[in-house]
There are 4 protein chains.
Amino acid sequence: MAGNSYGTLYKITTFGESHGEALGGIIDGCPSGIQLDLEAIEFEMSRRKPGQSAIVTQRKEPDAVQFLSGIFEGKTTGTPIGFIIPNTNQKSDDYSHIKDNYRPSHADYVYDQKYGFRDYRGGGRSSARETASRVVAGAIAKQMLPEIKINAYVSSVGPIHLDTPYQELDFSKIESNPVRCPDEKSAAVMEEYIRDIRKQGDTVGGVVSCVIQNVPVGLGEPVFDKLHAELGKAMLSINAVKGFEYGSGFSGSEMKGSQHNDLYNPDGTTKTNLSGGIQGGISNGMDIYFRVAFKPVATIMQTQDSLDNKGNITPMTGKGRHDPCVVPRAVPIVEAMAAIVLADFYLINKTY
Amino acid sequence: MAGNSYGTLYKITTFGESHGEALGGIIDGCPSGIQLDLEAIEFEMSRRKPGQSAIVTQRKEPDAVQFLSGIFEGKTTGTPIGFIIPNTNQKSDDYSHIKDNYRPSHADYVYDQKYGFRDYRGGGRSSARETASRVVAGAIAKQMLPEIKINAYVSSVGPIHLDTPYQELDFSKIESNPVRCPDEKSAAVMEEYIRDIRKQGDTVGGVVSCVIQNVPVGLGEPVFDKLHAELGKAMLSINAVKGFEYGSGFSGSEMKGSQHNDLYNPDGTTKTNLSGGIQGGISNGMDIYFRVAFKPVATIMQTQDSLDNKGNITPMTGKGRHDPCVVPRAVPIVEAMAAIVLADFYLINKTY
Amino acid sequence: MAGNSYGTLYKITTFGESHGEALGGIIDGCPSGIQLDLEAIEFEMSRRKPGQSAIVTQRKEPDAVQFLSGIFEGKTTGTPIGFIIPNTNQKSDDYSHIKDNYRPSHADYVYDQKYGFRDYRGGGRSSARETASRVVAGAIAKQMLPEIKINAYVSSVGPIHLDTPYQELDFSKIESNPVRCPDEKSAAVMEEYIRDIRKQGDTVGGVVSCVIQNVPVGLGEPVFDKLHAELGKAMLSINAVKGFEYGSGFSGSEMKGSQHNDLYNPDGTTKTNLSGGIQGGISNGMDIYFRVAFKPVATIMQTQDSLDNKGNITPMTGKGRHDPCVVPRAVPIVEAMAAIVLADFYLINKTY
Amino acid sequence: MAGNSYGTLYKITTFGESHGEALGGIIDGCPSGIQLDLEAIEFEMSRRKPGQSAIVTQRKEPDAVQFLSGIFEGKTTGTPIGFIIPNTNQKSDDYSHIKDNYRPSHADYVYDQKYGFRDYRGGGRSSARETASRVVAGAIAKQMLPEIKINAYVSSVGPIHLDTPYQELDFSKIESNPVRCPDEKSAAVMEEYIRDIRKQGDTVGGVVSCVIQNVPVGLGEPVFDKLHAELGKAMLSINAVKGFEYGSGFSGSEMKGSQHNDLYNPDGTTKTNLSGGIQGGISNGMDIYFRVAFKPVATIMQTQDSLDNKGNITPMTGKGRHDPCVVPRAVPIVEAMAAIVLADFYLINKTY
């Protein structure tokens, strides 16, 4: 398997299966001398972890990070930061029902086809549990770029949309409710909807919006490694993501150039920002904003047909605890990946 | 500048400015022994080139490719394929009006900020002319994977949408009209709309849809380099792209798991394909389909305010010929990038 | 810090300081389905570990590897193999004498200059203790390529040389003595010499020779990534290495073409093998052989002048246990890096 | 074929066969704003080109570089620099005698085995003609780092050695003789020797020494990408190279630590420099020096047995013009690769 690393200069490599000994990773390229705020890292982990509220999965994963290298006397040394997140409950569940069965819309089938063999426990490497390592790397990237503000929030849950422009939202409200929607009225409706979905043993998708502020002009590389292309890849690499748009996005495809062009102010800022803070793949100093679409989690508590490895269709019911709506816990993952992308381009930009 | 390469094993590196001596690139990693169909490459180039119809830019660029290496007796040798596309008209235009001016929603400003200096002629490196090199690399990638069928087409022009499911379209009609929309009625309406936009001296965006068929199971790498994440990055790296969605896309975020899950047939195919042919980042053998949103081209023939490099706002009118709608010419570029991504994963998958 | 990864498809990334919590690494790209022989891995670790004989450092490092991922039911799954090697004695030594002092011919000074800060305990990241992680990755690479035989041995200790051609040596004798020299008479003289050096509180360099047999034709990539160029880089990346030569090596520079050319047998093998099994950067099926020069370890038990971080020259005496001769323990490291290089090229070669 | 790129941030990718249309390359990552001295580039090309003196090959290759992008108004723009070197004489020679024959100690056999097919004209991609592109990239790297002085010279031709320490040599004499040996007496003996070898229709190897001065402290990355490991790889990637040693090199393996350690001066310089300017893989500000061993060129004008592709041994005599001694022309290539390595690490070091 290739593909377990992200980044050129701020580079994260992760390992770990859902039910192995531990997850973890190596962050290579973090500059030396950064005084790490370990509590801030723990806070990000707590936003991602299961069981944080009544509307997310109730699996128990403490997600405690152990740093093994790269930090001395509280500061980064410039050497690789190795860390692990032990899987404390790896033997508690029974996965015999999926050992020989491919769950619909899971990666079971393609893993068996590609590798001839798989660690079937809890989805193994294909489990979204892997994103815990990304949150660690993102939390450190955030501390590397203290001036840049990254705020993600839930803007849709299933059919319920928050259409308020981000400029009118109070990001300090994001953590005030379990949905992570900064508009409290919408949050309440979304929460109610998720509770209902959960009772049905079903799941629902949603959209995470993200706003990045105080980005210096010049981040991003022209041509293949445009800033928004890397942001898009980073977001699409998160489990369950089906779409990415930035700035005017899909709605921009309906517009005319005379409407879409962002006219300049004398200081180089623009009067409008349909460009989404990026022109020609390079940040222009305006706010970067984008939206990430998540499909519903495939594991439901209803009975559905699955395929076994002998070609038989057999009914299967999800066991254990399920995650009725993925987006509240996806918020810190979106922020983490954004921070990793920015940290990487920040370092690349220092070489000019 | 970094970022001028794409791919790990099938790797394309490009160079060239809009008005320099030549564009070109190097394809590294193409297997040996492929009998190249040079006419097929020329055909792809002709689909991208300016002046191909009345509804695209009338600039004259012959876009003739010269292969310099890596081919012997008509076959690839396994060594890098170097090629150039001479810029025949590089001195014909007058770009003095943008020498010291930043056009709205162009990369002029960010290039000057990032590099302190820029080749201002025709947008220099930020010009979409760079995509000609991608079409060459994509055309060869297509020949490397003859069994895989890649069909892109225009599904929206501004407010005009073709909502017919791709299964009901006849892809052989794509080239039958200058819009590259396989539904002839929609194509006629779109063409009329573009002609009108052109008369206004304005531009309009659109959406390119792409369908990839006969993909073997197993392409794509889990975690960061998921097949759809790379497709997304590849598409977002094309000039003017604002969004990418695959399978159920943004609409999938509104669905429930019980609706969205693709149930299996005994042979491993699925009854529905909301997954878009990819599960866990790996192709599952079903059709891959995705949509790419393009904003309107920024250069319009109307007068708009621009910023000069001394901080003055000055009105500017686009000169020369403009491209009223980018999507007909974007179709071969979308296909080319898809082919490059698939070729790369195809080679990676051979290492298992 | 960049540079903590090696390889393109079989890729090892390592982390860890001499006196941190743990060392470790991630192996990405190991194919699935390999039944791992954990005892063979332990055996390689035991060949590298301190305290294995009277002629190497007597530091106590158990070097027990814990695998955290990528292995299921005893077999590799194709997912990244994460592992750690806990540092059990990280608090036992006193390193206050080097906290503000730069030891001669150590990396202390350059680390402080480059990073502004360093983990001074035991050399931190610059310690050869990092090579333990390489031995793990190499041991798995060996199991991936069971048909290829890699044998390294000590061919020089200081002024004592074993000049016997490798064809006349019995590699099964390498482990029969603590020096790892397959010629028992030379081994005895070398061992005596090292014991004497040790009594003097001094250290001595040496040469490790390596022979790789049963390599298929075709490994290695032309131009920059020639097989011997990667082997050279891999060897030169091992602590204390000062030189690398393969095939005829430096002595080949004194020869004429009429003497140096290896004439063919009808089956494609060659009558002589001054090429060292590699032509044009690609393995030709003949034995690959090379030599690696190690300088003496810098830490000696004699008093030498050091520099403190205020610019004062102060005498310093090495504390604790020292390693009088590095080469016996370097043998498994040379083999490990050779195995990693071969595994990487083996996978790349599968893409043709 | 992979392996046609070198470098992470200052990155060169090359293409081209000996007898194709053209050689060339792309330099990606060169910072913007460097006023290029094109004559200095031409001078480096003239040092590498055939026919420059009576003791090198008399083939006619003008080796004129055409820059196609990345330069505007005489300065680098920060965009990729594409260039070609047309092969003007690609049809003049007759290579039918090697079409089906594998010359001893050439890459003919391994290319056919690896790729199933080869461009046999003049060695195709395996020809040292490829190094012309490296000289272009190196000449620009030198201009990027004007303060760093790189001087390579011939220190051995066959059995004739110049053993004078580099400190006692006058580098301004390197270009005063066709051998590129700064000691004029040795140069005369070497030249005479080469003339004699040439009359015999034979070839001879040699050694190029290289000294790099005024390197800032801190270049090089610890662990796998040590400065000397990359220098070693870069040198070993040059055709005909069999060995690399830096600082004390192989002779350092015979020394004791008490002799080998470089004691500090109060300013951080060292009294001796057996380390060769690099400690722990990082430059320490002292002179970097290393030696590169070249085997004799395989093409000789004597009759030798070759193998044809049906397994028959047949006598073959080299045709055309041969290169009796490779090292005078290798001097600028060694310098070029050293400059490329330094430029890359210089940019990486800016990210700290």
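Leaving aside neighbours within four places in sequence, A:R180 is in contact (heavy atoms within 4.5 Å) with A:R47, A:Q52, A:Y153, A:V154, A:I174, A:E175, A:P328, A:R329 and A:V331. The model is predicted, so local features need pLDDT of at least 70 and side-chain atom pairs count only at pLDDT 80 or more, while totals for chains, interfaces and linings use all residues. Residues are numbered from 1 along each chain as its sequence is written, chains are lettered from A and ligands numbered from 1 in the order in which they are written, and side-chain values use heavy atoms, with hydrogens and water left out.

To place this arginine, A:R180 sits in the loop between β10 (160–161) and α5 (184–199) of chain A; helices (H or I, at least four residues) and strands (E, at least two) are DSSP runs, numbered from the N terminus. With a relative accessibility of 5%, A:R180 counts as buried, a term that means under 20% relative accessible area (1.4 Å probe, protein chains only). One of its contact partners, A:E175, is joined to A:R180 by a side-chain polar contact of 2.8 Å. Such a contact is a pair of N or O atoms within 3.5 Å; within protein, one must be able to donate a hydrogen and the other to accept it, and residues adjacent in sequence count only if both atoms are side-chain atoms.

Beyond four places in sequence, the contacts of D:F290 include D:C210, D:L231, D:M235 and D:F244. D:C210 is itself buried, at 1% relative accessibility, and its sulfur is too far for a bond from the closest cysteine sulfur, in D:C181, at 15 Å. Over all chains the structure holds zero disulfides (pairs of cysteine sulfur atoms within 2.5 Å).

Helix α4 of chain B is mostly covered, with 13 of its 14 residues buried.

Finally, the copies can be compared. Chain C is superposed on chain D by a rotation of 180 degrees with 0.0 Å of shift along its axis (RMSD 0.0 Å), by least squares on the C-alpha atoms of residues with pLDDT of at least 70 in both. That is the relation of a two-fold axis.

Definitions and conventions: Buried means under 20% relative accessible area, exposed over 50%, partly exposed in between (1.4 Å probe, protein chains only).
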